[in-house]
Amino acid sequence: MAEASSHAPRLEDLLAGLPSNWGRWGADDEVGSLNYLTASEVLRGIAAVRKGALFTLQVPLGDPNGDPVWPGRTQPTRVNLLDKGHYLCGKAPHFPGDSEFADDMIIMSLQGSTQYDALGHAWLGDELWNGFDAKTTCGRMSKASVLPIAERGIAGRGVLIDMARHRGKAALDRGETFDHHDLEAAAKAQGVEICKHDILVVRTGWIGSFYTKPREEFFRDYVEPGLTFSRELVAWFHDREIPNLVTDTMANEVTVDPESGVVLPLHIALMRNLGVAFTEIASLEKLAQDCADDGQWTFFYVAAPLKVVGGTGAPVNPLAIK
Ligand code: UVW
């Protein structure tokens with residue numbers, strides 16, 4: 001994976017003077033911009049449902065052919081603990097009535113599938129979201145873990161911006177960037193508006209390409225396409241009060257900001273400072289095709305990651321209901 005240039009500015013300098021939501025929902029808040037998703041926003045989401053079509057947005061987990069996992073993180077490993085073979089070998093428990101069972105377990109990075117990041121997953125200096133001490137991450141996250149997000153759940157109006165389709169590509173290229181102007185232009189071309197408090201779902205085609213490209217090619221010198229940092233982009237997210245950013249990439253932003261050379265600055269500017277919830281590795285191909293077919297780019301988005309105590313993130317299978 002590409003690393004930050006030695007000439008890259010310090011993030012603290014790059015982000016100086018930009019908006020922050022720390023304290024906005026109280027000193028103890030651990031769910032950040034999800035607070036924008038009030039009951040009326042849930043009803044606005046439900047009002048987007050037109051035909052009752054369901055789309056599940058998680059990628060398959062534990063695929064024997066490999067999962068799209070950030071380089072350096074381990075592939076999910078699912079292991080059978082009990083199956084018919086155990087019964088054939090006489091190594092399975094016998095239950096009165098003779099019923100038989102299969103059991104298994106999975107070992108995985110909590111960021112190793114479609115997932116919600118905890119707001120405390122990325123920090124700067126000694127502080128995470130809302131000013132919590134970075135030492136609260138030691139051992140397990142005792143502040144701004146994924147648990148409060150999981151306890152809360154997420155529901156609202158989702159809007160899909162298909163950046164790949166807008167640029168006439170199956171998938172954006174390695175390192176290809178876009179910003180809020182591009183999001184607005186794509187929305188206009190799609191005939192949809194990105195409204196205040198919308199759950200912003202952006203398709204790049206990148207995770208889709210994992211399933212069509214040779215794996216060595218997909219992972220070579222790993223650099224993802226994605227949103228790119230600018231001060232105006234951060235202000236745009238702040239003004240629109242975007243609660244949740246969902247993309248079909250592993251990190252929701254271009255891996256290395258081409259202007260500054262900083263790695264993943266939006267994890268700090270949006271997640272840590274504004275409290276925007278990040279949902280990554282979403283599977284958007286079927287939803288995007290349906291939206292292109294019927295011209296309806298909005299839907300009821302609903303999700304709840306697993307309630308992992310102290311987790312830095314947790315797998316999720318969001319639903320888009322049109
Ligand atoms: C990285 O940490 C690289 O990305 P994510 O937000 O998936 O955890």
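## About the model

Because this is a predicted model, local features need pLDDT of at least 70 and side-chain atom pairs count only at pLDDT 80 or more, while totals for chains, interfaces and linings use all residues. Residues are numbered from 1 along each chain as its sequence is written, and side-chain values use heavy atoms, with hydrogens and water left out.

## Domains

Let's start with the overall layout. Domain 1 covers 11-72 + 110-321 and domain 2 covers 77-106, with bounds from an automatic or database domain assignment. Taken over C-alpha atoms, the centres of domain 1 and domain 2 are 39 Å apart.

## Around the ligand

Now to the ligand. Its surroundings (residues with a heavy atom within 4 Å of it) are Trp70, Arg73, Gln111, Gln115, Asp117, His121, Met250, Ala251, Leu264, His267 and Glu280. This shell has four nonpolar, four polar and three charged residues. Here Ala, Val, Leu, Ile, Met, Phe, Trp, Tyr, Cys and Pro count as nonpolar, Asp, Glu, Lys and Arg as charged, and the others, Gly among them, as polar.

A polar side-chain atom of His267 lies 2.6 Å from a ligand oxygen, and one of Arg73 lies 2.9 Å from a ligand oxygen. From Met250, a polar backbone atom is 2.8 Å from an oxygen of the ligand. On its own the ligand has 260 Å² of accessible area, and the protein covers 90% of it (Shrake-Rupley method, 1.4 Å probe).

## Pocket and cavity

The ligand sits in the largest pocket, which is to say that more than half of its atoms lie within 2 Å of the pocket's grid points. On a 1 Å grid over the protein atoms alone, a pocket is an open set with protein on both sides within 12 Å along at least five of seven lines, a cavity is a set of points where a 1.4 Å probe fits but cannot get out, and lining residues have an atom within 4 Å of a point.

Of its 13 lining residues, Trp70, Arg73, His121, Leu264 and His267 are the closest to its centre. The largest cavity holds about 30 Å³ of space, and its lining includes Asn21, Tyr36 and Phe237.

Technical notes
Polar contact = N/O pair within 3.5 Å; in protein donor to acceptor, adjacent residues only side chain to side chain. Points joined across faces, edges and corners; volume = space filled by probe spheres on them.
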